[in-house]
Amino acid sequence: EGLTDRAARQLEIVARILRTDTSKKITISGHTDALGSDNYNVELSGKRALTVQEHLARAGVAADQIVTVAKGKNQPRRPNMLEDGTDNPLGRRANRRTEIYLDF
């Protein structure tokens, strides 16, 4: 599934909140590092968001409470490259993520 144990525990908290109040909605955005083509990164980021959406659905969250967005490499949290132009593996790692925005 691709989720860490910590992420699964955090998602259970989110699922509990959403099941308790079905008027609440969230937006899940998937992100990637800068390696790969734009098309590849958009597809990969969409798959990341979908993984989280599917986990929440299995936890009983209604589909209409979740919006997913594929951001690709467009919103990095950290630089993908160091100032000298070399690869920044730690920065790229931070950019490979899924974020949840609580719309309430």
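I take contact to mean heavy atoms within 4.5 Å. The model is predicted, so I note its limits: local features need pLDDT of at least 70, side-chain atom pairs count only at pLDDT 80 or more, and totals for chains, interfaces and linings use all residues. Residues are numbered from 1 along each chain as its sequence is written, and side-chain values use heavy atoms, with hydrogens and water left out.

Overall layout. I found three helices and three strands in the chain, where helices (H or I, at least four residues) and strands (E, at least two) are DSSP runs numbered from the N terminus. The order from the N terminus is α-β-α-β-α-β. Along the principal axes, the C-alpha atoms fill a box of roughly 50 × 25 × 25 Å.

Helix pair. I looked up helix 1 (residues 5-20) against helix 2 (residues 38-58): they pack at about 55°, with axes 10 Å apart. Axes are lines fitted to C-alpha atoms, for helices over the stretch in contact, and angles run from 0 to 180 degrees between N-to-C directions. That makes helix 1 oblique to helix 2 (under 35 degrees is roughly parallel, over 145 roughly antiparallel, 65 to 115 roughly perpendicular, the rest oblique).

Ala 8, Leu 11, Val 14 and Ala 15 of helix 1 meet Val 52, His 55 and Leu 56 of helix 2.

Ring and charge. I placed the charged end of Lys 24 over the ring of Phe 104, 4.8 Å from its centre (NZ of Lys or CZ of Arg within 6 Å of the ring centre and within 35 degrees of the ring normal).
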